[in-house]
Amino acid sequence: MSQESYFVYQKKEQGICIIRCYAKESRILIPDTIEGMPVTELAPYAFAAQMEEEPENPGDFPCICGESLEELILPKSILRIGRYVFYNCWNFWHFSFYSNIAYIGSGSFTGCKKLSHLSLQEVEEQKPCLREVLEELNQTVKVFWQRERECAALFPAFFEEAVENTPARIIETHTHGVGIQYRNAFKNTRMNWKEYDRLFEVGKYNMERAESIYVTLYRLRYPVELEGEAREEYDFYLRNHIKEAAEVLSEQGEKALLFWMAEHFVETQRELELILQVVQQDIEAVSFLMDLGHNRFYHKKDGTKKEKRGFSL
């Protein structure tokens, strides 16, 4: 038993089923084995604020459930997630899991409005569960996963509205936002990158600016199956919104991605000046960008210096 966390669990034929978790911190790492048996399941309501029969706490740590859960890391051995397992975990924002989860119970992510970061490890020759997770989350979600190489993608938000059809006396559900189309960009449960990229032509006008910027940056930074025309469209969009992109990345503290964007997409001194205007209070960022500008715009190919034209901040 770890000194930082412990569990109430049930032994089943297939392995260990986690019923409750108790820990010092809100970031929980589920072990892959307990008592030599694989941990294969999270019980229904395991992290919900309340369950029908609350087990006795066998130690002194608080139960990590409801609003106290913030991050959860699952092992590869987990194959089943019970219904309403994260019911009303309002502060749950980061979920790390493997793609071989075979069963996800109904309402598992109900009330998880802050769940915005998914870290996925793909398991070869197994049916991926990513689409099933995304379909339960209507907010903006960033997905980071390990495949043959590192990859990332953003799925925009959508919302559903109940509208009464008075003559028919029925309630109709109307869906708004392109997020639902992006969640359908799968083929046989696997990402269909061609369809994902096709959606951007219209989607960029129907999502928040920050969402369109992240869609663009992630596809250019991690160009898995990114084809010529789609690459050109993302490239064109970023170059026409480079200052807005710098503003979004600066606000989100995405300094590494900001530096990558500057290195790969700043081609003119004017573009560099626009980014500098955004980050002028960040000493590290200003230093990086000034060095980039010095190397890119102030040296000729023969090694002699070009005429220096100062940056305007």
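**Exercise 1. Work out how H8 sits against H9, starting from the handedness of their crossing.**

Solution. Start with the hand: H8 and H9 cross in a left-handed way (left-handed if the near helix is turned anticlockwise from the far one by less than a right angle, right-handed if clockwise). A quick note on the ground rules: this is a predicted model, where local features need pLDDT of at least 70, side-chain atom pairs count only at pLDDT 80 or more, and totals for chains, interfaces and linings use all residues. Residues are numbered from 1 along each chain as its sequence is written, and side-chain values use heavy atoms, with hydrogens and water left out.

Next, the geometry. H8 covers residues 255-265 and H9 covers residues 269-279; they pack at about 165°, with axes 11 Å apart. Helices here are DSSP runs (H or I, at least four residues), numbered from the N terminus. Axes are lines fitted to C-alpha atoms over the stretch in contact, and angles run from 0 to 180 degrees between N-to-C directions. The pair is therefore roughly antiparallel (over 145 degrees; under 35 counts as roughly parallel).

Finally, the residues. Leu258, Met261, Ala262 and Phe265 of H8 touch Glu271, Ile275 and Val279 of H9, contact meaning heavy atoms within 4.5 Å. Sorted by class, that is six nonpolar, no polar and one charged (Ala, Val, Leu, Ile, Met, Phe, Trp, Tyr, Cys and Pro are nonpolar, Asp, Glu, Lys and Arg charged, the others, Gly among them, polar).

**Exercise 2. Describe how H7 packs on H9.**

Solution. Angle and distance come first: H7 (residues 242-251) and H9 pack at about 30°, with their axes 9 Å apart. So H7 and H9 are roughly parallel. The crossing of H7 over H9 is right-handed. On the H7 side, the contact uses Ile242, Lys243, Ala246, Glu247 and Ser250, and H9 brings Leu274, Ile275, Gln277, Val278 and Val279. The class tally is six nonpolar, two polar and two charged residues.

Conventions:
Helices (H or I, at least four residues) and strands (E, at least two) are DSSP runs, numbered from the N terminus. Angles under 35 degrees count as roughly parallel, over 145 as roughly antiparallel, 65 to 115 as roughly perpendicular and the rest as oblique.
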